[in-house]
Structure formats: structure tokens, C-alpha cells
Amino acid sequence: MSSSKRRKLESEDAAKQAGSPVSAVSALAARRRLAEAAQEQPSKASTTSKPTDTRANPFTLLQSLKGKEHGKAIQSPTKPNRGGSRRREEPAADGTGQRWSRIGEQADDPSDVVTPAKLIQYSSFRPSKRNHLVKAGGVIELRLTQTERFMVLGTFGVRVLTGEVTILGSFIRPSETVHWVSAPHCYAVPVLRTSENTSLELHNDHNTNSLRGLGPLSPLFRGIWNEASASSRRSTFQILYSSDDAPKRSLVQDLVSPPAWNQKLAALVAQTRRNGSWAGFICGPKSSGKSTFSKLLANRLLTCIEPARDGIAIIDLDPGQPEFCPAGTLSLVHVLQPNFGPPFTHTDVHRHHRGGYKVVRWHPLASVTPASAPDLYMECTFDLINTYRKVLAGLPLLINTPGWILGTGLELLVEIIKGLNPDEVIYMSEDGPADTVEALRDASKKTFSALPSQQSEFTSRTAAHLRAMQTLSYFHIANSEDVKPQPTPSWSILPLSSISPWIVRYLGPNKSLTGILCYDYQAQPDLLAETINGMVLAAVEIEDGQAFRGLSRTQAPTESSSKSTHDLGKIGSFLDLVTVNTPEGIPYIPNPDDVALDPRFSRCIGLVLVRGIDKANGAIHLLTPIPQSEIEEIKSRGRDIVLVHGKFDAPTWAYTEELYRRSSQEEGSGIGVEVMDEDTEDDCSDEQPEDVALAHDVTATPWVESLRENEKRPIGSRVWRVRRDLGRGNGDRE
């Protein structure tokens, strides 16, 4: 989550200590002398120079200090950007219509006085009575006689009446179908392009109001949609004609497909039409446009070829930025309709809305990078490939990969290419590295092509922020048994602390928790409860006892050697051999060799968040969007569910939801709580004196530190850093 940093202005005492109590007066006197000197030296260039803004105030510094004395909020100058955070502009006096914006107060340097504020045109037309019509219910009809392009911010539906509309690589033709689009400006905003004589309708999407309702729970979801105007408060979208229409303090970037991409998309569609099937392997460096190109290609295939009526298959091998499933997982998805939204807008993997997509099979890597478990990564990958060959054979296949292209990452890519033998390997960069390109080209037995990368020029969210938004959206998905079928998902706008958890007992005759298995770091049994409390775990269905490969050899008693292979297939009896209990009685599967479950005999069914552990009653409280009917179906087949703990991102967003909501509700009363999320690298607690008196619980919210007024961070809160230079220079000592 974004860090809230306080920037303090230096006090007047500090200014006096610096020895510059009359700096402002001196600057004013110098400014006047320069002005008088300029008047005494008339020149021909002075008659044609651009006029400066006479409203410029040379006492800006003095006003800032004065405002601070009276406790007024002082707004610091910001840098101009392409979004809506624009300074007040006015036409130039020369009548050219060029806009000028003041960015500095240094009159001595003309380059700092005025500079043209670039006005960016997002749309190629302006609304008029002939091309823009508002219908009942806020529906906007556009009648465009020429080929046009325009951008729409927010959530909306597109229905084509005549002509053709292109958006995110897909072609939308006249029909009664309304295609729903989600376009927040924390991602690149898609561009709509029309053919000649096109008429279309833009519909409000009030089904996503619950998605907007996540804003009070997390600042990551605030200020990413369109701003409601006085004339259209109920509108869920806004047409952006230029940068003047963009929301304030926003970074708006249009999604651009380079010409080389468009040529490759057309060639791949033609090839798929001829062959009826096609398998593509998309790889490249980080932030090179792999996910964007994959989405454009998938949408193009779904709307331009006949075989795609049955959909296409996507194997998502990027655990850090997946498209359909939560971060830390790998998945095989059957896509039936074009995808018109970012990942956090379609996180309901348990219920498929109007046949848009279906998650066929997915596995928990329990990490956002394959570097944590390369062997498990490869096993999950080839299990998904084999599942595609069994279930979805004949459909066009797209494989999206992470941006790990060096060292071990390159070896993984080469091994996957050799095992899959795709029709084409597409490398999303023309700048190498040369060794990587050569290795991938040699591994590809058919076609290898390189495309120019398309990096994002602006970004208001980091990769970690986007993962947090996707995970938060996943856990807030409304339970599928509590809502009616809708064209889009529905979200719960209540904090997770207000939602009743599942009570899963691990003690007593009605216990239902099978066991907990840890990947990577292996916690001691007496520390397991503290390790998993408040963390995200994966729920894995054990399809066969062979999923516990290697565990029986290390944990099973001596008499287990007499068990037959058929007996090991009985999951319940096998778990009795490998499970031990922690001091609290929690069933725990020791894993000293860090052996993962075999993906051929297990599958992920969803993620759970451990809300708390009731040691007195022997139960774990879990929060999860997994439908109860799916759990009952698994139990009816006699199979068990194991919870897997790994290196999922810590759900810090879940700890502060209630505080953020309370703060938003009390914002107008002046008694709201300020919630700050500090990065450990920016932590300065080691520079502050420790106060033993403050070493106590100061908040009822777990894992959240509360400081009142001028309190310092308590003892023990310093960030521990690992020293990596220990022992250096010892050889030089005598």
C-alpha cells in the first residue's frame, strides 16, 4: 500500500539559525532593481516578448511561513503531469490560444517563469448535438460518421448499433449484447476506435458500484475512477476528450498498440484461421508488455476466427501478476468472452458470470516468483500443459510467462519451450539480451519473433500495490450463494473484520481440519499458530494420496512400510501416518526436506485468510470466498483439504480496513484517525530514542501500531537489518 509521508516546513527559528532572516526582503529588493534596469534598457526583443503573469506573487515564501504560524494547510507546488493535476491556466495575451502555466518564481531565468502546458487530446472529436445524444437512464448514443478514436474512464457497457468498434484488440459488431468494460486510470485506459458511419451506446454499469465501494476500505481503490459531476452524479463513466477532462491529481495514459504489434496480431489471426489451432509462448523482460499483448491477442482471437467460438485456453505462468487467479498461483483458464478489465475486476474464480471464463485447474506456488521453488514451478507448468491436452485440446493456446529471463529463469523458459513445442515463441523486446534471445531462438523448433516492448510511461500503483488490490478484491467477492446471477461480479463493502468467519475445528470428534503444510520456511510446531495467524494460505484438494510424495519416508512410522500402494491411495489413512499435532493440537505435516505436494494428484480450490485461532475451543477462524457447496462436494467424494502456508504477500491491507473506513466516515468531523503505512526501508525508528514506558499494546487492532499525538515508536520496534559484511578485513589484521 502507498506510504503516507508527512512533509514538515522548516520553522522560523530554523531559518534564523541558518542566518538568513532577511532573505525574502533581499530577494524583493533584487527583483525591483532588475525590473528598473530592464526598463532603462529598451530593446527590440522586448516588444515581442511574451508577457509574464502580473498576478505572480513574490511573497510566496512569506505567505507560506505566515500560513504555518496560523496552522493553515500549505499546499506545496507539484510537478505538471499528463493527468488532471493541472495548474490554473489562462490564454496568452498574443491571441495564439497557446496555454501557459507558471512553474517557478525565479524571474531571473525566463525558462523558469512560464512554460507551455501541453494539452493532450485523447479523443479525435468533440461532442455536439449531431453526434452526442443522452437517452433515458443516462445512456449516451454516439453517431460518428468518420473513423474516430476516444477514451472512456470508469465502468461502462458498449453496445454497437451500426458499424464496428475496436477496443482492447477485439472487434465489436452490431448486436443486442452489451459488452461491459472496466477502465480505471491506475492502468492504461483502453482506446475505442470506430469505423465510418458507426453508432454505439454507452451504458452505465451500476453493478460495479460495490467495487467502487472498496475505496473507503483501502486507499489503493480511491481516486481511480471517473469523477462525478454535478450534472451526472449517477454516471459510472466519463468520456475523456483531452487532458482537461481527466480527474485532478491523476496520471492518465492511453493503452497504445504499436504498429508492429498490430501487424503481428493480424498475422497470428490469419495463421489460426488456416490451421484451426495455434499455440503461442509469450516471454520477455519485466514490464515489456507481455500481459497487455496477451490480452490483445486473446480478445482478437475470440472475435475474429470461427474456431474461437468454443473459446481459447490461457496458461498463466506469471505468479506475480496473474490475470484471472490471485497472486502466487499458476492456472489454466478457458476463456469464452473478451476480457475488458484489469485483473482486480474479475477475481471471482469460483463463479463464472455468463460464461466469460472458467478456471479449469490451478496450483499454489505460494510465492510471487518462481525463484522460490523452480522445481515445483516446472511440475505445475507441465501438469497444466497436460491438462490442456486432455481437456481443451484443439483450442488456441496462449502461455504468458514472468519476466525472469536470466540465469535459472532462462533455463526454465527453455525447458518449457522444448516440452511444449509451441507454434511460435514471441519475445517482447528488440533490445536483447543477446544470450537470452539466442537461447530462446535455439529452443524454438518452429517460429521465433521479437516485438518492441511497450513500457508504461506513468504508473500510480506499483506491482505490489496491484497484487494487494487483486487479493483484496478476491477476498471481498460476495459469496456466490448469497447473490443473484449478474453479468459482473459483486463485492462486499464491509471490512473483513465484520464478516462472519468459517469455524474449522481441529480438536474433538467433529474436527474437519486435515492438516497444515509449509512451503519454504519450516516453522517449529510450537510456533506454527503464530506463523499462520493473520496470513494467507492456499486450500488444496488432495485427489490422491500420492500427492504426499516423500513425506511418508520421513514421517511415517516403521509399520507403514507394510502398507501397500493401494492403501497409500487412501488419503485419510495416509494422513494419519504423516500428521503430527502442535502443542495447541493443530494437525501439522512436518516437511524438513521442503517437499511440495505433487500437482498431478492435487489442485488448488482457493485461498483462505486466517482471521484467528481459538485455542480454547480448538478451532481456526477462516475467511474465504470458496463456496460452501464446493467444500461439501469435495467431502462427498471422500477427499481431504490441506492448507498450504508459503510466501504469499502479507495481507496488511486486511489489518487496516476498519481503521480506513472509520477514518473516511469521520473525515468531515475532524476527529478521524490517520492511517500510515511505512515501508521498512524508509523506517527511521532506529534514529529515535526508545521509551520503555511505551512498550505495551496501544491498539485493539492486531498487527497495527497506534501512536497518539507526539508518541514515539516503542522499544523493540526498530527494523532489524542483516549485516552482510561480517568478517570482512579479518585477513588484514594481525
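Colleague: Which residues is glutamate 541 in contact with, leaving aside its neighbours within four places in sequence?

Modeller: In this predicted model, glutamate 541 touches Phe601, Ser602, Arg603, Ile605, Ile634, Arg637, Arg639 and Asp640. Glutamate 541 itself sits in strand β22, residues 536-542.

Colleague: What makes the pairing of the side chains of glutamate 541 and arginine 603 a polar contact?

Modeller: The two side chains come to 2.7 Å, and the cut-off for a pair of N or O atoms is 3.5 Å, with one able to donate a hydrogen and the other to accept it. The pair therefore qualifies as a polar contact.

Colleague: Why is glutamate 541 called buried?

Modeller: Its relative accessible area is 0%. Buried means under 20%, so glutamate 541 is buried. Of the 734 residues in the chain, 46% are buried.

Colleague: How do you know whether serine 128 is buried, exposed or partly exposed?

Modeller: Serine 128 has 34% relative accessibility. Buried would need a value under 20% and exposed one over 50%, so serine 128 counts as partly exposed. Serine 128 is in the loop between β3 (114-116) and β4 (132-134). Its C-alpha atom is 9.7 Å from that of leucine 142, which is 14 residues away along the chain.

Colleague: Which residues make the contact of α6 with α7?

Modeller: From α6 they include Trp261, Leu265, Leu268 and Val269, and from α7 they include Phe293, Leu296 and Leu297. The residues of this contact divide into 10 nonpolar, 2 polar and 3 charged.

Colleague: What makes α8 roughly parallel to α9?

Modeller: Helix α8 (residues 374-391) packs on helix α9 (residues 408-420) at an angle of about 20 degrees. Angles under 35 degrees count as roughly parallel, so that class applies to α8 and α9. The axes are 11 Å apart, and α8 passes α9 in a right-handed crossing.

Colleague: Which residues of α8 and α9 meet?

Modeller: Pro374, Tyr377, Met378, Thr381, Phe382, Ile385 and Arg389 of α8 meet Leu412, Glu415, Ile416, Gly419 and Leu420 of α9. By class, the contact has 8 nonpolar, 2 polar and 2 charged residues.

Definitions and conventions: Residues are numbered from 1 along each chain as its sequence is written. This is a predicted model: local features need pLDDT of at least 70, side-chain atom pairs count only at pLDDT 80 or more; totals for chains, interfaces and linings use all residues. Side-chain values use heavy atoms; hydrogens and water are left out. Helices (H or I, at least four residues) and strands (E, at least two) are DSSP runs, numbered from the N terminus. Buried means under 20% relative accessible area, exposed over 50%, partly exposed in between (1.4 Å probe, protein chains only). Contact means heavy atoms within 4.5 Å. Ala, Val, Leu, Ile, Met, Phe, Trp, Tyr, Cys and Pro count as nonpolar, Asp, Glu, Lys and Arg as charged, and the others, Gly among them, as polar. Axes are lines fitted to C-alpha atoms, for helices over the stretch in contact, and angles run from 0 to 180 degrees between N-to-C directions. Angles under 35 degrees count as roughly parallel, over 145 as roughly antiparallel, 65 to 115 as roughly perpendicular and the rest as oblique. A crossing is left-handed if the near helix is turned anticlockwise from the far one by less than a right angle, and right-handed if clockwise.
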